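I opened this notebook to keep track of what I looked up, one topic at a time. The entries below follow the order in which I went through the model.

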Amino acid sequence: GASNVLASFIYGIGSAARVAGAPIGGLLASRLGTKRWLLAALSFTYISLSLAVLSPHTSAFVMFYIAFSFCSTLSMTANSAIMAQLSPIQRRGLGYALFFLPGSLVGAIAPLISATIANAFGMTTIFVVSVAIYIIGQCILKFGVKVQE
């Protein structure tokens, strides 16, 4: 329900929120522990995304979208620290390459899958599916990834 100008402005505020989130996330990851902070930051991200999708009013959506943008970068440093910790020093470059590969592959096909889902079931379904995938990933992180704190 927003104009193109307002939507662009909101998207820009989201970008600024992401810039603020990264260093705060790094500080909290070093203080609380990488895996513990990563799980918390991802929880904040998924909760704010869910609330944005469920919000009936544009103003509430905007608030939760900005919160989602901020929270989405809180986990970046913890993610990178865990990747470094789990990669042998002599293979760290390969470790990071493999770490970014799934996101790049999915990023190439995700718009096609999302468009197909949106066309068949509506736009909201994309967000529901995304949250479900995020929750599955978070369970894998919690129970399947062992790091030393």
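**Entry 1: the buried side of a helix**

I began with helix α4 (residues 76–86), where I found Ala-78, Ile-82, Met-83 and Ala-84 to be buried; buried means under 20% relative accessible area, exposed over 50%, and partly exposed in between, with a 1.4 Å probe and protein chains only. I then looked up what covers these buried residues of α4, and the cover includes α1 (4–32), α2 (34–54) and α5. I noted for myself that this is a predicted model, in which local features need pLDDT of at least 70 and side-chain atom pairs count only at pLDDT 80 or more, while totals for chains, interfaces and linings use all residues. Residues are numbered from 1 along each chain as its sequence is written, and side-chain values use heavy atoms, with hydrogens and water left out.

**Entry 2: the whole chain**

I counted 6 helices and 0 strands in the protein chain, and read along the sequence the pattern is α-α-α-α-α-α. The helices (H or I, at least four residues) and strands (E, at least two) are DSSP runs, numbered from the N terminus. The C-alpha atoms of the chain fill a box of roughly 50 × 30 × 25 Å, taken along the principal axes. Of the 149 residues in the chain, 30% are buried. I also looked up the contacts, where contact means heavy atoms within 4.5 Å: among those between residues at least 6 apart in sequence, 72% join residues at least 24 apart.

**Entry 3: α1 with α4**

Two packed helices are described by the angle between their axes and the distance between the axes. The axes are lines fitted to C-alpha atoms, for helices over the stretch in contact, and angles run from 0 to 180 degrees between N-to-C directions. For α1 and α4 I noted an angle of about 50 degrees, with the axes 7 Å apart. The two helices α1 and α4 are therefore oblique to each other, given that angles under 35 degrees count as roughly parallel, over 145 as roughly antiparallel, 65 to 115 as roughly perpendicular and the rest as oblique. On the α1 side the contact is made by Ala-22, Gly-25, Gly-26 and Ala-29, and on the α4 side by Met-76, Thr-77 and Ala-78. By class, the residues of this contact of α1 with α4 divide into 4 nonpolar, 3 polar and no charged; Ala, Val, Leu, Ile, Met, Phe, Trp, Tyr, Cys and Pro count as nonpolar, Asp, Glu, Lys and Arg as charged, and the others, Gly among them, as polar.

**Entry 4: α2 with α6**

The axes of α2 and α6 come within 10 Å and cross at roughly 165 degrees. The helices α2 and α6 are therefore roughly antiparallel to each other.

Which residues does Leu-38 touch, not counting residues up to four places away in sequence? I found Ser-75, Ala-78, Asn-79, Ile-82 and Leu-141. Leu-38 lies in helix α2, and at 2% relative accessibility it counts as buried.

Ser-48 also has its place in helix α2, and at 5% relative accessibility it counts as buried. Its side chain reaches the backbone nitrogen of Phe-68 at 3.4 Å. Leaving aside residues up to four places away in sequence, Ser-48 touches Phe-64, Ala-67, Phe-68 and Cys-71.

Is Ser-50 buried or partly exposed? Ser-50, found in helix α2, is partly exposed, with a relative accessible area of 22%. The side chain of Ser-50 reaches the backbone oxygen of Tyr-46 at 2.9 Å.

**Entry 5: α5 with α6**

Last, I looked up helix α5 (residues 92–121) and helix α6 (residues 123–144), which pack at an angle of about 125 degrees, with their axes 7 Å apart. That makes α5 oblique to α6. The residues Ser-114, Ile-117, Ala-118 and Phe-121 in α5 meet Met-123, Thr-125, Ile-126 and Val-129 in α6. By class, this contact of α5 with α6 has 6 nonpolar, 2 polar and no charged residues.

Methods:
Polar contact = N/O pair within 3.5 Å; in protein donor to acceptor, adjacent residues only side chain to side chain.
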